[in-house]
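User: I would like to learn how to read a few features of a protein model. Could you take me through them one by one?

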Amino acid sequence: MPVNSKHIEPQFKKTFNPKIGLITLSTDLTMENDFYSVGRDLPIDIFVNRIKNYNPLTKDNLLKMYDQLESVTKDILPNEKIDAVAYGCTSGTIAIGEEKIESKIQQAKPGCYVTTPITSAIKAINQMKIKK
């Protein structure tokens with residue numbers, strides 16, 4: 001008995017959602033879910049990796065994350081371009097510094113936009129013209 005089949009022309013996706021990388025603390029219980037909740041209805045794809053953090057919370061322990069930033073970022077979709085990377089540690093951003101964080105992340109994912117909680121807060125304050 002012959003099989004009736006129909007030729008279907010393959011269709012490839014012509015546009016892709018921006019890829020957003022999230023670096024969250026290895027002990028964080030909420031940030032990943034929060035990011036997925038906020039991004040649920042947005043045309044973005046979120047990819048997460050965790051960075052080891054050390055207790056107790058001291059400046060010296062926060063600074064230890066600096067040396068891990070490049071490798072943790074590289075492991076978010078290895079060898080793939082990412083549009084933006086969010087480093088999700090406010091205290092770590094203050095201890096390490098926004099510029100150093102951006103530099104390390106850029107070494108792993110050149111050309112991506114980098115943000116931190118501090119970067120976002122400053123941008124929001126400026127955009128809302130808050131003076132006090």
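User: Is asparagine 61 buried or exposed?

Analyst: Please note that this is a predicted model, in which local features need pLDDT of at least 70, side-chain atom pairs count only at pLDDT 80 or more, and totals for chains, interfaces and linings use all residues. Residues are numbered from 1 along each chain as its sequence is written, and side-chain values use heavy atoms, leaving out hydrogens and water. A residue is called buried under 20% relative accessible area, exposed over 50% and partly exposed in between, using a 1.4 Å probe and protein chains only. Asparagine 61 has a relative accessible area of 11%, so asparagine 61 is buried.

User: Which residues does asparagine 61 touch, not counting residues up to four places away in sequence?

Analyst: Contact means heavy atoms within 4.5 Å, and on that basis asparagine 61 touches Tyr54, Asn55 and Pro56.

User: How do I read the largest nonpolar core?

Analyst: In soluble globular proteins, nonpolar side chains tend to be buried together. A nonpolar core is a set of buried Ala, Val, Leu, Ile, Met, Phe, Trp, Tyr and Cys residues joined through side-chain atoms within 4.5 Å. Here the largest one has 18 residues, and those with the most contacts inside it are Ile23, Ile51, Met65, Tyr87 and Ile105. Leaving aside neighbours within four places in sequence, isoleucine 23 is in contact with several residues, including Asn49, Leu69 and Val85.

User: In what order do the four strands of the open sheet lie?

Analyst: Strands are DSSP runs of E with at least two residues, numbered from the N terminus, and two of them pair if DSSP finds at least two bridges between them. The order is S2-S1-S3-S4, with parallel pairing.
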